[in-house]
Amino acid sequence: DIGDDPMSSTASTSSLPSERQKILSKLSRTSRGPGSARLSIDRRYIDEDALAKLPMHEAVQELSAMASPVIAPNGAPIYRVERGGEVTFHGPQQLVVYPMFDLQRSPFRKDLHWYLRQLEDVVIRTLARYGIAGVRDEINTGVWVDKRKIAAVGVSSSRWITTHGFALNVDPDLSYFDTSVIIPCGVEGRGVTSMRAEIQKHQQRQREEGTAICPSLSDVAAVVMDELERVFDVSVARNGTRGI
């Protein structure tokens with residue numbers, strides 16, 4: 001048996017979990033509660049009434065503080081979340097859009113595949129407004145420019161209420177997608193790009209001088225709201241950039 005001191009003479013080092021095993025355990029599908037890297041609302045450990053009274057950003061920080069992420073070699077924290085797809089990165093200058101729709105109500109459909117394709121269409125239409133040709137891939141989800149992913153899409157639902165959505169790379173630090181650390185969305189042999197990178201390439205092709213002008217997150221968010229309304233045939237209440 002292993003006593004209080006895991007390195008005591010009675011402990012066999014071969015029986016101790018390896019660092020890799022500890023990491024896999026924290027990230028496993030079954031891991032729950034304190035010490036887990038799962039980023040979710042677990043009613044056993046959360047006062048939902050108190051959480052609901054907090055401003056949105058404080059509630060998010062409260063939930064984040066309850067998880068114990070694994071730290072990647074580049075310093076990025078890794079969490080497990082409840083959505084479709086493989087590992088991806090979220091960070092500054094990336095527009096993350098998580099609509100909450102009741103797919104049982106008109107004009108929606110009780111079809112997650114349909115919903116995912118509609119989200120891809122929102123991104124494609126948004127990119128077109130900036131002269132960027134985004135396309136779907138025959139095999140992989142998301143939106144691509146040539147063979148480079150510019151937006152990751154992953155959805156989930158509970159009782160047909162949607163969660164998660166898409167993350168559009170406006171101007172993030174693309175080094176976080178370094179394949180020595182992460183295989184974005186589990187897709188090998190493909191790259192990742194951003195709106196800034198594509199606007200810069202267009203400028204170079206046109207032999208234009210000067211620094212590429214990338215739209216701000218709030219500007220892109222406003223366009224996304226417009227396209228959400230068009231694609232889903234809904235009206236979206238707007239509370240300024242803080243509410244987007």
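Strands here are DSSP runs of E with at least two residues, helices are runs of H or I with at least four, and both are numbered from the N terminus. Two strands count as paired if DSSP finds at least two bridges between them. This is a predicted model, where local features need pLDDT of at least 70 and side-chain atom pairs count only at pLDDT 80 or more, while totals for chains, interfaces and linings use all residues. Residues are numbered from 1 along each chain as its sequence is written, and side-chain values use heavy atoms, with hydrogens and water left out.

**Stop 1: the strands**

Click A152. Its bridge partner in β6 is A167. Now go to the hairpin of β5 and β6, with two residues between the strands. There, R159 takes a positive phi near 55°.

β3 and β6 pair in the antiparallel sense over four bridges. Q94 has N169 in β6 as its bridge partner. Is β6 mostly covered or mostly open? It is mostly covered: seven of its nine residues are buried. Buried means under 20% relative accessible area, exposed means over 50%, and partly exposed lies in between (1.4 Å probe, protein chains only).

**Stop 2: helix α4**

Select α4, residues 112-128. This helix has 17 residues and reaches 24 Å from its first C-alpha to its last, close to the 24 Å expected at 1.5 Å a residue. The expected span is 1.5 Å times one less than the number of residues. Look at the N-terminal end. D111 caps it: a side-chain oxygen lies 3.0 Å from the backbone nitrogen of H113.

Colour the buried residues of α4, which include W114, Y115, L119 and V122. What do the buried residues of α4 pack against? They pack against β4, β5, β6, α5 and α6.

**Stop 3: helix α6**

Select residues 217-232, helix α6. Its buried residues include V220, M225, L228 and F232. Among the elements covering them are β3, α4, β6 and α5. Step just past the helix to D233, which takes a positive phi of about 55°.

**Stop 4: the core**

The largest nonpolar core has 33 residues. Such a core is a set of buried Ala, Val, Leu, Ile, Met, Phe, Trp, Tyr and Cys residues joined through side-chain atoms within 4.5 Å. I150, F166, L168 and F232 have the most contacts inside it. α4 gives the most to this core, with eight residues.

**Stop 5: aromatic rings**

The structure holds eight aromatic pairs. Rings of Phe, Tyr and Trp (its six-membered ring) pair if their centres lie within 6.5 Å; planes under 30 degrees apart are stacked, over 60 edge-to-face, and the rest tilted.

Select F89 and F177. They form an edge-to-face pair, 5.6 Å centre to centre with 85° between the planes. F89 lies in the loop between β2 and β3 and F177 in the loop between β6 and β7, so the pair ties together parts 88 residues apart in sequence.

Next, select F101 and F232. This pair is tilted: 5.1 Å centre to centre, 55° between the planes. F101 sits in the loop between β3 and α4, F232 in helix α6, 131 residues apart.

Technical notes:
Contact = heavy atoms within 4.5 Å. Polar contact = N/O pair within 3.5 Å; in protein donor to acceptor, adjacent residues only side chain to side chain.
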